[in-house]
Amino acid sequence: MEAHSTDTDDREQPLPDAQKNAQQFGKGLLYVCIAVIFFGTSPVFVRWSGPFSAVEIAFWRLTIAAIMVAVLGLITHQHLFLKRNELPRFIFYGFVTALHFFFYVASLNFTTIAHSLSITYTSPIFVTLFSVFFLREPLPIRKYFGILIAIIGIAILAGFEPHYTSCSLPGHCMILGDGLALLSALCFGLYSIAGRGERDRHPLFRYTMNVYGIAALWLLPVTLYFAIQHAYSLAAVGAVIALGVFPLGLGHTLYNAALRNVHATYANLIATQEVTVGVLLGVLLIHEIPSVTAIIGMIVMLLGIAGVLL
């Protein structure tokens, strides 16, 4: 009887690898869900950051985040420096990251929060393609339908504007802003794949500190030029610091942590909910009201994400 009981208990125990994978998946989903909340603060803080230019905003938020992550790395006793043969890869990662943040911030100067965020989050298309080709992590065919629905939702959310191609001197040029957001999406796809690909080579804080820091160095020369062009209010400085701490230092670091535990497409699709959070905060804090099509688009997008994750 004792032997029989032991066998039963053994059969009821989950396989160690399966249990570990389930824990990693759950942890990854938790990380990216928290990251989305921090991500969503980004467009409002960008709006409050004037007269900082897009390059300056991207530079300072990357610099602040790099310092923040370096401190966390030192506290947790992680070795933060790269080997010489690793530098070329990280120089490329930093370049892509710098472009992603610059294009995203610049897009908000020319288009609405709903347009900028929704088009930036066409990135699941790029993430899926890059995951298949570079990381050899193909998704089941049925999940591509969920991705398609999510992308359709993003397209609906962007809506149809009567003066889409008209540009005005104060800076409103929706077609330009949307184009910059699309470039940001492409770079975000590469950024996501880089984080996933380096998960086994580097601990989290070493990876993120070097990516943020090198990205900031790419932007430094142009930032120095703009730095002497105008004065800065205390509120604008506070908004830029907040951009470095919350959506980047906390949000993107959690996002990179999620990439180490779940497929890059899953993490990126959940991250698309920055659109929902950002638009809602835009309504509440700066009274930028989305259209009915934007609301419909967000609902469709949520259904698409559910189809991929279930």
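What makes T253 count as buried? T253 has 7% relative accessibility, so it falls in the buried class (buried is under 20% relative accessible area, exposed is over 50%, and partly exposed lies in between, with a 1.4 Å probe and protein chains only).

A note before the views: this is a predicted model, where local features need pLDDT of at least 70 and side-chain atom pairs count only at pLDDT 80 or more, while totals for chains, interfaces and linings use all residues. Residues are numbered from 1 along each chain as its sequence is written, and side-chain values use heavy atoms, with hydrogens and water left out.

**View 1. The whole chain has 14 helices and 0 strands.** Helices (H or I, at least four residues) and strands (E, at least two) are DSSP runs, numbered from the N terminus. Of the 310 residues, 50% count as buried. Now look at contacts, meaning heavy atoms within 4.5 Å: among those with a separation of 6 or more, 89% come from residues 24 or more positions apart. The accessible surface is about 15,000 Å², and 72% of that belongs to carbon and sulfur atoms (areas come from the Shrake-Rupley method with a 1.4 Å probe, and for residues only the protein chains shown count as cover).

**View 2. T253 sits in helix α11, residues 234-259.** Leaving out residues up to four places away in sequence, T253 touches V69, L204, F205, T208, Y212 and L248.

**View 3. Here are A239 and G244, both from α11.** A239 is buried, with a relative accessible area of 5%. Apart from neighbours within four places in sequence, A239 is in contact with F45, W48 and S49. G244 comes out at 0% relative accessibility, so it counts as buried too. From G244 to L62 is 6.2 Å, C-alpha to C-alpha, across 182 residues of sequence. With residues up to four places away not counted, G244 touches R61, I64, A65 and G249.

**View 4. Helix α6, residues 113-120, is largely enclosed by the rest of the structure.** Why say that? Because 8 of the 8 residues of α6 are buried. They are I113, A114, H115, S116, L117, S118, I119 and T120.

**View 5. Helix α7 (residues 123-134) packs with helix α12 (residues 264-271).** Two packed helices are described by the angle between their axes and the distance between the axes. Here the angle is about 175° and the axes are 9 Å apart (axes are lines fitted to C-alpha atoms, for helices over the stretch in contact, and angles run from 0 to 180 degrees between N-to-C directions). On the α7 side you'll find S123, P124, V127, T128 and S131, which meet A264, T265, N268 and L269 of α12.

**View 6. S192 lies in helix α9, residues 174-197.** S192 counts as buried, at 0% relative accessibility. Not counting residues up to four places away in sequence, S192 touches V127, Y255, L259 and N268.

**View 7. F39, Y121, F188, Y191 and Y255 form one aromatic cluster.** The structure holds 16 aromatic pairs. Rings of Phe, Tyr and Trp (its six-membered ring) pair if their centres lie within 6.5 Å; planes under 30 degrees apart are stacked, over 60 edge-to-face, and the rest tilted.
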